[in-house]
Amino acid sequence: GDTLDNYLRTDGVWLLTRNKQFYETNNENECAEKCETESNFNCRAFLFTRKKLQCLTLAENSKMTVMFNSTDAVLYEKKTYLLQCKRGIGKDYRGTEARTQRGIPCQMWAGKTPHRPKYTPEKHPNAGLDENYCRNPDGDERGPWCYTTDPATRFDYCNIPECEGQCMQCNGEDYRGEISRTESGLECQHWDAQEPHMHGFILKHFPDKDLKMNYCRNPDGELRPWCFTTSPTKRWEYCNIPRCTTPPSVSARDSQCLSGKGEDYRGKIAITESGNICQHWNTQFPHRHGWMPDSYPCKGLEENYCRNPDGEKRPWCYTINSRVRWEYCAIPHCGGTEQEIADVPVQVPLSEECYHGNGQSYRGTTSITVSGRKCQAWNSMFPHRHEKNPDRFPKADLRKNYCRNPDGDNSPWCFTTDPNMTWEYCSLRRCNEGAQE
């Protein structure tokens, strides 16, 4: 396969590194070959600048040094040096764990105190004996180990989790591994803790998301698993979970009809319930959006077919009508006849949700704002902290992330999941007060 398949790509970043070599290459593949054959040090990553066609092979990666923005640069990191788990006995483990299973810091492999090592970088240049990271240079059956900084304990084994179950399918919504550090090496905050960061992602509110210990998870449909960090200056960060090599199993419910909320719907209806044609998912016109097929490989975002990638009430799509950002689609229910399912509806008008007065009595399930942003759950404090929770407003029906008006505002509203927009009014119309709703 392509050499670049062994690397994790990150656009627009630069590493502050001491050990590097400069080369002139025409493309990233040639730069990768320089990294593979680098003889001056163990090449863990390389930087490629597209304008200058400059190639820098690096001895460090993002887990070992500082990373900062650089518009023209592309960073490629060898995946084997980013894994925080071991395969088998971990002879090829190249992670950055540097404490033993009892918490004792490891001695530097090149050091001489407090223990004179039998295994050194000079004697075993291919064993990855960098810094004081846990390694298994002698193929010990019990896995990676290190010499310790405790004079009374010459060596001890390290607690490195198995890679089985440590990879993710799709966007990692079902990831249940035990990786608990972010992509920059920060330790994750326990989900049941509220320090140093307050949040609403606790097990009783998200019982099916496996929010245990401080393991990386994806409870809210992000691009990949993440966690709150133990650093007071970094609220949250993505985790570096390797993607599984085996493809995800295809759901048996993928069909031309609607079951439940239609999250598994893979039919070819591409028109909304009011007759607007759907916009293609891989385009940004007339409406810009974040639901790109490459970013969400398991959501079925093909062509311009109606889909439900975010757990809405039913499948929907952006429309090619510049005045209508998105609408639900009319998908026949699986309980219908085969003929009803086969007949793709062109236009099936359905009643819209509406509210009376200022909407304090509204109890519908709309959860999208006027600008198309998704609502934050009322019992969540992420990304916005607030006091409008179900306990303080027991009569306001603050369920899930449905639009409500608990404080007597002009119309139903919600906090948004966009960190840059605290709240917005919802995409709802006022009911025709003179007619039957």
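Asp210 and Arg217 meet through their side chains in a salt bridge, 2.7 Å from N to O. A salt bridge here is a side-chain nitrogen of Lys or Arg within 4 Å of a carboxyl oxygen of Asp or Glu. Arg217 counts as buried, at 0% relative accessibility. Salt bridges that share partners join Arg176, Asp210, Lys212 and Arg217 into one network.

This is a predicted model: local features need pLDDT of at least 70, side-chain atom pairs count only at pLDDT 80 or more, and totals for chains, interfaces and linings use all residues. Residues are numbered from 1 along each chain as its sequence is written, and side-chain values use heavy atoms, with hydrogens and water left out.

**Salt bridges**

The count comes to 17 salt bridges.

| Pair | N to O distance |
|---|---|
| Asp210 and Arg217 | 2.7 Å |
| Arg224 and Glu183 | 2.8 Å |
| Glu60 and Arg18 | 3.8 Å |

Strands are DSSP runs (E, at least two residues), numbered from the N terminus. Arg224 and Glu183 both sit in the loop between β7 (155-157) and β8 (226-228), yet the pair links distant parts of the chain, 41 residues apart. Arg224 is partly exposed, with a relative accessible area of 25%. Glu183 is partly exposed too, at 25%.

Glu60 and Arg18 are 42 residues apart, and this pair also links distant parts of the chain. Glu60 lies in the loop between β4 (54-58) and β5, while Arg18 lies in the loop between β1 (7-16) and β2 (20-24). Glu60 is buried at 7% relative accessibility, whereas Arg18 is exposed at 67%. The terms have cut-offs: buried is under 20% relative accessible area, exposed is over 50%, and partly exposed is in between (1.4 Å probe, protein chains only).

**A charged patch**

Lys112, Arg116, Lys118 and Lys123 gather in a patch of positive charge on the surface. Such patches use residues with over 30% relative accessible area and no salt bridge, with like charges joined within 9 Å. Arg116 lies in the loop between β5 (66-78) and β6 (145-147). Arg116 is exposed, with a relative accessible area of 60%.

**The nonpolar core**

The largest nonpolar core has 20 residues. Such a core is a set of buried Ala, Val, Leu, Ile, Met, Phe, Trp, Tyr and Cys residues joined through side-chain atoms within 4.5 Å. Trp281, Trp291, Cys306, Trp316 and Ile331 have the most contacts inside this core. β10 (316-318) and β11 (326-328) each supply at least two of its residues. β10 gives the most, with three residues.

Notes. Patch = residues over 30% accessible without salt bridge, like charges linked within 9 Å, V, L, I, M, F, W, Y side chains within 5 Å. Areas by Shrake-Rupley, 256 points an atom, 1.4 Å probe, with all protein chains shown as cover. Lys, Arg positive; Asp, Glu negative; His and termini not counted. Charge placed at Lys NZ, Arg CZ, Asp CG, Glu CD. Helix = DSSP H or I, 4+ residues; strand = E, 2+ residues; numbered from the N terminus.
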